[in-house]
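Please look over the sequence and the structure shown here before reading the notes that follow.

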Amino acid sequence: MSRAPADVHQLDPRAFREEVHSFEFWFQSVTGYLAGTCFGQHEGIPDEPLEPAERERLVTVLCNYCVGETAALEGASGLIAIAPDRLSKVFLATQVADEGRHLEVLLNRLAQLGVAEPEQEIERRASRSLLQFKRRLLSLVAGRDWEAALLAQNVILEAMEFTVFQHHARGADPRTRDVLQGIVKDERRHIGFGENELGRRIQAAPHIRARLREVKNELDHLVLETFEETLRQLGLAASDRPELGRHYLETVARLGFE
Amino acid sequence: MMRDPLERKVDDAPRQRFLLEDTGFDEVPPKYRRFYRRWRGAGDVLAPNEVLCPVCKVVIRSTRELREGDRVYCMPCMSRLVVVRAADGTLEARVAY
């Protein structure tokens with residue numbers, strides 16, 4: 001990479017896009033917060049004992065996070081083939097690595113909580129709504145619908161995960177918090193990529209907004225229902241829950257979906 | 001566009017310069033870290049060289065005082081933004097797709 005300019009905001013827009021979509025940028029970024037961790041946990045993080053009921057709720061929540069991360073892993077890898085340009089393909093390759101890591105660190109956390117057969121446990125505890133969302137996302141990818149699949153994955157799913165993981169991390173046990181905080185740092189890139197890419201596409205072809213609005217209306221309640229349930233499981237006060245929708249609503253409002 | 005002469009005087013004044021130091025923000029490569037910091041929540045106050053990214057809620061920092069029309073980049077979420085004046089008179093960033 002070239003030397004940093006005196007002020008990064010003086011970069012040419014094209015040079016900025018090249019830089020932030022590069023594998024090198026991703027590698028140096030994740031090295032900053034993952035170096036020295038093992039399965040997303042820093043050395044010496046205490047293993048705080050959980051009450052049985054609390055552990056049970058956490059296992060259910062983590063199982064559903066695994067469903068979301070698996071959807072994003074399969075979705076992002078499929079999107080590489082239909083991405084319209086090199087920068088998007090390289091970025092999605094880094095997202096695939098992120099999603100694979102998320103799934104792995106969450107499975108490791110389940111193992112630490114004593115879950116012997118995580119795959120079976122995920123199947124048993126998975127939210128029907130989230131599974132339905134995953135099937136629809138993958139059908140959009142298989143149908144080579146770049147904009148709709150990106151909306152479903154990097155806007156609807158990632159925006160809600162971004163908010164829920166942050167909320168959860170605040171009140172979580174130390175190990176779960178460490179894992180979630182690392183995931184949130186990755187999610188910033190994913191939500192930004194989704195919003196900016198879709199924003200550019202809609203700006204260039206405003207007529208696609210109507211079709212995307214239908215996709216949004218079909219899918220967002222599935223994810224919202226799942227994460228509302230997650231927040232209930234986490235014991236978050238009802239008065240704090242509207243914030244879950246707020247970040248998502250702000251995002252879609254910027255894209256012109258009122 | 002007609003502008004208030006007093007406002008123009010302020011805008012034409014030399015911009016304050018800022019020496020940026022690393023605040024521990026670790027989500028971008030080391031050479032870019034000083035341009036960003038974490039948002040500390042409702043009690044946080046933005047300096048004249050800072051705006052909040054509306055996409056990912058990271059504070060974006062510049063080496064110079066920010067003014068309306070300036071372009072800034074949020075590297076953590078890869079957004080290009082333009083500084084605008086909000087209804088309450090403060091500066092905020094708007095995404096430029």
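The briefing below moves from the basis of the model to the strands, the chain contact, a helix pair, the nonpolar core and one glycine.

This is a predicted model, in which local features need pLDDT of at least 70 and side-chain atom pairs count only at pLDDT 80 or more, while totals for chains, interfaces and linings use all residues. Residues are numbered from 1 along each chain as its sequence is written, and chains are lettered from A and ligands numbered from 1 in the order in which they are written.

**Chain B overall**
- Chain B holds 1 helix and 6 strands, where helices (H or I, at least four residues) and strands (E, at least two) are DSSP runs numbered from the N terminus.
- Read from the N terminus, the order of the elements in chain B is α-β-β-β-β-β-β.
- Of the 97 residues of chain B, 31% are buried, a class that requires 20 or more other C-beta atoms within 10 Å of the residue's own, with 12 or fewer counting as exposed, the range in between as partly exposed, and C-beta atoms placed from the backbone.
- Of the contacts in chain B between residues at least 6 apart in sequence, 33% join residues at least 24 apart, a contact being two residues whose C-beta atoms, placed from the backbone, lie within 7 Å.

**Strand pairing in chain B**
- An open sheet of 3 strands has the order β1-β3-β2 in chain B with antiparallel pairing, and two strands pair if DSSP finds at least two bridges between them.
- The edge strands of this sheet are β1 (36-38) and β2 (50-52) of chain B, each of which pairs on one side only.
- Between β1(B) and the antiparallel strand β3 (residues 58-61) of chain B there are 3 bridges, and B:R38 has B:V58 as its bridge partner in β3(B).
- Strand β5(B) is joined by 5 bridges to β6 (residues 91-95) of chain B, to which it runs antiparallel, and B:R85 is placed opposite B:L91 in β6(B).
- The hairpin of β5(B) and β6(B) has 5 residues between the strands, and B:G89 in the turn has a positive phi of about 90°.

**Contact between the chains**
- Chain B contributes 24 residues to the contact and chain A contributes 27 residues.
- On the side of chain B that touches chain A, β4 (71-74) and β5 (79-85) of chain B each supply at least two residues, and β4(B) gives the largest share, 3 residues.

**Helix pair in chain A**
- Helices α3 (residues 52-82) and α6 (residues 128-142) of chain A pack at an angle of about 0° with their axes 9 Å apart, the axes being lines fitted to C-alpha atoms, for helices over the stretch in contact, and the angles running from 0 to 180 degrees between N-to-C directions.
- α3(A) and α6(A) are therefore roughly parallel to each other, the term for angles under 35 degrees.

**Nonpolar core**
- In the largest nonpolar core, which has 80 residues, B:I60 and B:C74 touch the most other members; such a core is a set of buried Ala, Val, Leu, Ile, Met, Phe, Trp, Tyr and Cys residues joined through C-beta atoms within 7 Å.
- Helix α7 (residues 146-171) of chain A supplies the largest share of this core, 13 residues.
- Beyond its neighbours within four places in sequence, B:I60 is in contact with residues including B:F35, B:V72 and B:C74.

**A:G256**
- A:G256 lies in the segment after α10 (242-254) of chain A and is partly exposed, with 14 other C-beta atoms within 10 Å.
- Leaving aside neighbours within four places in sequence, A:G256 is in contact with A:I202 and A:R209.

Terms used:
Angles under 35 degrees count as roughly parallel, over 145 as roughly antiparallel, 65 to 115 as roughly perpendicular and the rest as oblique.
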